[in-house]
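Biologist: Please show me the model. I have some questions about how its parts are arranged.

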Amino acid sequence: MVTLGAVVAVYWLVSFYGTALRDPRFLDGWILTAAMVVQLLFHVRKKLPASPLGRAATWLKMHVYLGYFVVAVFLLHTSYSLPETTLEWALWIMFVLVVGSGLVGVYLTSSIPGKLQQQHAEQMTFEQIPTARLNLFREVNALVLDTVTPDGSSEVSDFYVNRLRGFFRRPQNLRAHLRGSRRPLERITGEIADLERRVNAPDRETLSSIKKLVTAKYDLDHQYTVQGLLHSWLFVHIPATYSLIVLSILHIAVAYAYSSGVQ
Amino acid sequence: MAQGNRVRRPQRWDAAFGRERIHADWVNLILSSQILGDIDPADFPDDLSLADIITNDCAVRWCSRGEIVYAAGSYQTSIFVVLNGGVRVSDDAAADRAGESTAMPQLNAWLSPLLKGKFGRGESNVTRFPTVRLGRYEMFGEVEALTRTPRSNTAVADVDRTALLEITWPGARELLHWSDTFRASVEELYRARSVEVGLKESGLFANIDPETLMAIAQQCSFERHGSFDWSHVYQRENATRQPSAQMIEQEPVIIEQGHYLEDMFLIRAGFARVTETVHDNEASVGFLESGDVFGLAEIEEGLIFGSHPNAERGLRSVGYTDLIRIPEHIVGKFILPGSKRQSRGAAPAPGHTPHGDLSLLDFVVDNRFINATNAMVIDTTRCIGCDDCVRACAAAHDGIPRFVRTGRTHANLMVTSACMHCTDPVCLIDCPTGAIHRDAFTGSVVINDDTCIGCATCSSACPYNNIQMREVTGPDGAILIDEDGSTHLKATKCDLCAGQSGGPACQRACPHDALTRIDIRDIDILSDRQSRV
């Protein structure tokens, strides 16, 4: 409501300013700049995590709501039209990138943690996942090595080398995880089930254990992919913000070079 | 990495407790008199003599009349013996009943030494509420020292040049450990005073005069279930991650469901689990802490309907439980007339019961999180793993975070591996120097780096593994090495960002409001946090 009120107030102020034969884009431009500077203060708060500058949660709320306000003022500033010059296009694209990535961030950070919590009884931090992956790799290696005897069959170890080693060594099926699909897992467990029919009893037991590890690894990859996605939007949002700052300064300089603000 | 610098490993008595070590004349006087009862120096080992303990772990404190020795509500764990003069101990429960805050005596306690002799006598509850006078060789302060609880009363010097022997907790622990006679006399005092203080503090006898209350106290009895030193037993149980039913089975029974309830129980210290047995399955329905009562509804119903009161629920000790048994006739005569009658039938479970999910109760009781006054709880449906909390902690503590963002989880709540600033901080018990202690005002558990000798006793005693031993670096950044070549270590843990404005940095830094510090004893807050959208 506060955001909406502020937007209405700015629209009224700008139209009022226009009647005084001044270029209203100078007014809404400066309001836009001021709002963007306040937006940047959230970044400063994040860089000073232990500072007594209030709760980061309050800062984030302000950052998001002020973001909506900035979008409204930006539309007003651009007169709801597409840019004409190269600089304006660059500025426009950066703004859209910052806002778009920010909105994606808001959606991802509010939806993913809850879904992850529902899907995984035991959640891991992003930093713990590589270690857990390595542990699974070692565990499966040890299981397979136990099946290798001088006179024994090599079916389990062959299957492991050809089909599973790569799966266990690094994150796999990232696109499937992004879609929330379990098809790759079903395919691998299906192949293991096929092999189970052709091997002796001890190997069947080993395959059953491997199947559990495959499921564990698949779940781990899911956590890795989704948690990675949770942070990925920042790789667009932050560089685009820095570019936007530079272009905005340039834009202000150019605007004052060609106009004094009087219509 | 920089080359390690060799330093002398700090020893237990490098720093004396008092400004100066106790003079030998005093030590001789204490040893030759009855100041510490019939304590026998021969009971102590050669490398830990009674004289050494008195010299290093005790101090003689001189007080002028009106000077506050300790204030009610403050966290201070020394035991005192009057050497000369006298002390008045106030009935701060009376002050509470009169609606007076105990904050002023705390402030007075700090200001008292500064104001001594300048502005006359500091006024405190001692001058306006019933007091008990303690004279020569009488001991006081042992209840809080043993239970690690805040002071329940205010002690003030009664005459000028009052001399007190202050025995710090490390010293008292050694005396209790090596001397059977000292232990017996302290235990006897503790039991007697626990009943009296417990009844006063409970508020159940708010309008009873002191003489009648003394008579009531004599008819009540004190009981202990479990052990003060419960952490090692818990660590063993915890290592095997037993299911709740199995953990309940191992806890000492205070009373079984359906058994005759001849007394009401008033919890004095520690915790107890309230259980209900349905189809031979005993499950938690609540927990009790200091000040809570058990059996009031049953005794009330029994007296009104002329039936034998039977426990509607079971009660088991969690860790240790000190309780006061208040006989049925006392309940009927003094407590029930002032209480509101409940309808006949099953009364709600006493104590702390969550308004929703009982498995949450199992989670907090089984993991002993009920001990937490300031646990770090993360809502995993909000946490995006940005690690801003860890960075904030590191920024507030010379670049080294004091917690790990992992821990036991129930539904969407994760209790992380950060010091919980326990109600009963067992990590304090065996610290040889008293370096790990409670802040006198806030009660938070903090470590004094100057007196920590890196023995890791606290770290191994913490039931939750929330104290880490870390290498110490010199001014040049090089890790310090002891004379024997081992790394110089000190204990570190969350100190709630003591000394920094704004409270714990971790909580302030969380942008998604996922991390919060919670007093888990208020289980409804946790329950709300769990069901928060």
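The questions and answers below go through this predicted model.

Biologist: Into which domains is chain A divided, and how far apart do the C-alpha centres of domain 1 and domain 2 lie?

Modeller: Domain 1 of chain A takes in 2-110 and 234-258. Domain 2 of chain A covers 129-230. Their C-alpha centres lie apart by 49 Å.

Biologist: Where in helix 4 of chain A does a kink lie?

Modeller: Helix 4 of chain A runs over residues 86-119. From first C-alpha to last it reaches 47 Å, close to the 50 Å expected at 1.5 Å a residue. The kink is about 25° and comes shortly before the proline P113(A). Its place is I112(A).

Biologist: What covers the buried residues of helix 4 of chain A?

Modeller: The buried residues of this helix include L91(A), M94(A), F95(A) and V98(A). P113(A) and L116(A) are also among them. Their cover includes helix 3 (56-77), helix 9 (201-232) and helix 10 (234-258) of chain A.

Biologist: Which helix gives the largest share of the side of chain A that touches chain B?

Modeller: In this contact, 17 residues of chain A meet 23 residues of chain B. Helix 3, helix 4 and helix 9 of chain A each supply at least two residues of the chain A side. That side divides into 9 nonpolar, 6 polar and 2 charged residues. The largest share, 4 residues, comes from helix 4 of chain A.

Biologist: Which residues is V364(B) in contact with, leaving aside neighbours within four places in sequence?

Modeller: Beyond its sequence neighbours, V364(B) is in contact with F369(B), I370(B), I520(B), I523(B) and L526(B).

Biologist: Is Q76(B) buried, partly exposed or exposed?

Modeller: Q76(B) lies in the loop between strand 3 (68-70) and strand 4 (79-84) of chain B. Not counting residues up to four places away in sequence, Q76(B) touches Y70(B), R151(B) and A440(B). Burial needs 20 or more C-beta neighbours within 10 Å. Q76(B) has 18 inside 10 Å, so this residue counts as partly exposed.

Note on methods: Residues are numbered from 1 along each chain as its sequence is written. Chains are lettered from A and ligands numbered from 1 in the order in which they are written. This is a predicted model: local features need pLDDT of at least 70, side-chain atom pairs count only at pLDDT 80 or more; totals for chains, interfaces and linings use all residues. Two residues are in contact if their C-beta atoms, placed from the backbone, lie within 7 Å. The expected span of a helix is 1.5 Å times one less than its number of residues. The bend at a residue is the angle between axes fitted to the seven residues ending there and the seven starting there. A residue is buried if 20 or more other C-beta atoms lie within 10 Å of its own, exposed if 12 or fewer, and partly exposed in between; C-beta atoms are placed from the backbone. Ala, Val, Leu, Ile, Met, Phe, Trp, Tyr, Cys and Pro count as nonpolar, Asp, Glu, Lys and Arg as charged, and the others, Gly among them, as polar. Domain bounds come from an automatic or database domain assignment.
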